[in-house]
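Let us read this model together, one feature at a time. Keep the sequence and the 3D view open.

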Amino acid sequence: MQELQYLTFLISEELFGLGILYIKEIIEFESVTHVPMMPDYIPGVINLRGNVVPVIDLNMRFYRKKTETNRKTCIIITEIKIESEIIDVGLLVDAVNEVVDIPPDSIEDPPSFGSKIRLDFIQGLGKLENRFVIILKVNQILELSELQSIQETSSNVM
């Protein structure tokens, strides 16, 4: 059966979605520990029950501007597969909305024009009643080489 449920969230006032099968949990944003030599869009790591979890600022990754944190700011903990390993990664978002059902026939291919986001990040556009949800490909948000350097850094941190 194809995945139909997506967690929706806001980044720079745009609505994004991620398949709920990729989501482990949602936590309130508190603070991150800065790690030197990381790309701009990785502000640092958090300690999640004894595990080092890198955090990606999706505003910075997509729009090149830092997330302004407030009481609605959340970190979505997701699993990303690198080669044969699965690692937890936190996605820093402006606000989490809700879980929605989007049937596969309501998802269109990403547009080849007009998007401020690299198309390889986008799985498709889901149609809700009066707006679109940009459905992300979670494994594309990070590049392989960056993930490996994060893993090496986080194993050195502990």
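## Reading the fold, feature by feature

In the protein, residues 24 or more positions apart account for 56% of the contacts with a separation of 6 or more. The model is predicted.

Q: Which elements does the protein contain, and in what order do they run?
A: There are two helices and eleven strands. From the N terminus on, the elements run β-β-β-β-β-α-β-β-β-β-β-β-α.

Q: How many residues does the protein have, and what share of them is buried?
A: The protein has 158 residues, and 47% of them count as buried. Its accessible surface comes to about 9100 Å². Carbon and sulfur atoms hold 48% of that surface.

Q: How do I read a sheet?
A: Strands of a sheet pair through backbone hydrogen bonds, either parallel or antiparallel. Here, six strands form an open sheet in the order S8-S1-S2-S11-S10-S9, with mixed pairing. Strand S8 (95-101) and strand S9 (107-108) stand at the edges. Each has a single partner strand, so one side of each is left without a neighbour in the sheet.

Q: In which sense do S2 and S11 pair?
A: Strand S2 (residues 14-19) and strand S11 (residues 132-136) pair in the parallel sense, over two bridges.

Q: Where do Glu 79 and Lys 24 lie?
A: The side chains of Glu 79 and Lys 24 meet in a salt bridge, 3.8 Å from N to O. Glu 79 is in strand S6 (residues 74-82) and Lys 24 is in strand S3, so the pair links distant parts of the chain, 55 residues apart. Glu 79 counts as partly exposed at 33% relative accessibility. Lys 24 also counts as partly exposed, at 44%. A network of salt bridges links Lys 24, Glu 79 and Asp 88.

Q: Which side chain does Arg 49 meet in a salt bridge?
A: Arg 49 meets Glu 25, at 2.4 Å from N to O. This pair too links distant parts of the chain: Arg 49 is in the loop between S4 and S5, Glu 25 is in strand S3, and they are 24 residues apart. Arg 49 is exposed, with a relative accessible area of 65%.

Q: What does the salt bridge between Glu 108 and Lys 127 tie together?
A: The closest N and O atoms of Glu 108 and Lys 127 are 2.7 Å apart. Glu 108 lies in strand S9 and Lys 127 in strand S10 (residues 122-127), so the pair ties together parts that are 19 residues apart in sequence. Glu 108 is partly exposed, with a relative accessible area of 38%. Lys 127 is partly exposed as well, also with 38%.

Q: What about a charged residue without a salt bridge? How far is Asp 57 from the nearest side chain of opposite charge?
A: Asp 57 sits in strand S5 (residues 51-57). Asp 57 is buried and has no salt bridge; the nearest side chain of opposite charge, Lys 66, is 6.5 Å away. The cut-off for a salt bridge is 4 Å. The side chain of Asp 57 does reach the backbone nitrogen of Asn 59, at 3.0 Å. Beyond four places in sequence, Asp 57 touches Tyr 41, Pro 43, Lys 65, Lys 66, Thr 67 and Leu 92.

Q: Is His 34 buried or exposed?
A: His 34 is exposed, with a relative accessible area of 60%. His 34 is found in the loop between strand S3 (23-28) and strand S4 (44-48). Beyond four places in sequence, His 34 touches Pro 43 and Gly 44. Its side chain reaches the backbone oxygen of Pro 43 at 3.4 Å.

Q: How do I read a positive phi?
A: Most residues other than glycine have a negative phi. Ser 12, in the loop between strand S1 (5-11) and S2, has a positive phi near 50°. Arg 64 has a positive phi of about 60°. Arg 64 is in the loop between helix H1 (58-63) and S6, and is exposed at 70% relative accessible area.

Notes: Residues numbered from 1 in each chain as written. Predicted model: local features only at pLDDT ≥ 70, side-chain atom pairs only at ≥ 80, totals over all residues. Heavy atoms only, no water. Pairing = 2+ DSSP bridges. Helix = DSSP H or I, 4+ residues; strand = E, 2+ residues; numbered from the N terminus. Buried < 20%, exposed > 50% of the residue type's maximum accessible area, 1.4 Å probe, protein only. Contact = heavy atoms within 4.5 Å. Polar contact = N/O pair within 3.5 Å; in protein donor to acceptor, adjacent residues only side chain to side chain. Areas by Shrake-Rupley, 256 points an atom, 1.4 Å probe, with all protein chains shown as cover. Lys, Arg positive; Asp, Glu negative; His and termini not counted.
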